[in-house]
Amino acid sequence: MATSTPFLFALEGRSNFLILTFMLWSPERMSDFLIPLGGYYMGLALDEARSAAEKEEVPVGAVVVFNGRVIGRGHNRREELQRPFAHAEILALEDASLHLKSWRLHECTLYVTLEPCIMCVGAILQARVQRLVFGCLDPKGGAVESLYRLCEDSRLNHHPAVTRGILEKECATILSEFFAGLRSNKRIANSGE
């Protein structure tokens, strides 16, 4: 029989008030606790993705969480900044590193709406991120499960824990709606010629 351990978790709410949640935590109940919490943080990443869409950027968003607090945020800004590295994950990791004054993010969790690409997984591994949580797969560029499995590669010296599928439908929908809008705008522009 597993023993329960008191666990105190601090969660920063959307209204910037600190909400304390106390629960009895046992290994068999851990997933019941993490999924709703993961949904909260993925919701924040979706807010970042919406910010990207408003700027006509591919709507991908990311947040970095340390000790229950969001310490890094980012959304795609490649077009705005004209920088090939301005992916949501890279910007969120940079923000978190500035906050912690360290490149080592070994006690952090990165939540991102889309499966990271090769470049972003490389940054995740280099930053020693403890856990990666992503919303939906990227069959054309994903480097965690879809095309490559870099987080599991035994030749590499860091292997973050990976969880996928948190708010998967919402994460996929924002992307599909964005690209449907682009195709529609292209058809309208081409019909006017």
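Welcome to a predicted model, in which local features need pLDDT of at least 70, side-chain atom pairs count only at pLDDT 80 or more, and totals for chains, interfaces and linings use all residues. Residues are numbered from 1 along each chain as its sequence is written, and side-chain values use heavy atoms, with hydrogens and water left out.

**Nonpolar surface patch**
- Ile118, Leu147 and Tyr148 make up a nonpolar patch with about 290 Å² of accessible area together (Shrake-Rupley method, 1.4 Å probe).
- Leucine 147 sits in the loop between strand 6 and strand 7 (161-164), where strands are DSSP runs of E, at least two residues, and helices runs of H or I, at least four.
- With 44% relative accessibility, leucine 147 is partly exposed, a class between buried (under 20%) and exposed (over 50%).

**Positive phi**
- Most residues other than glycine have a negative phi.
- Glutamate 56, not a glycine, has a positive phi of about 60°.
- Glutamate 56 lies in the loop between helix 1 (30-54) and strand 3 (61-66), and is exposed at 66% relative accessible area.
- Arginine 128 also shows a positive phi, near 60°.
- The loop between helix 4 (118-126) and strand 6 (131-136) holds arginine 128, which is partly exposed at 24%.

Methods. Buried < 20%, exposed > 50% of the residue type's maximum accessible area, 1.4 Å probe, protein only. Patch = residues over 30% accessible without salt bridge, like charges linked within 9 Å, V, L, I, M, F, W, Y side chains within 5 Å. Salt bridge = Lys/Arg side-chain N within 4 Å of Asp/Glu carboxyl O.
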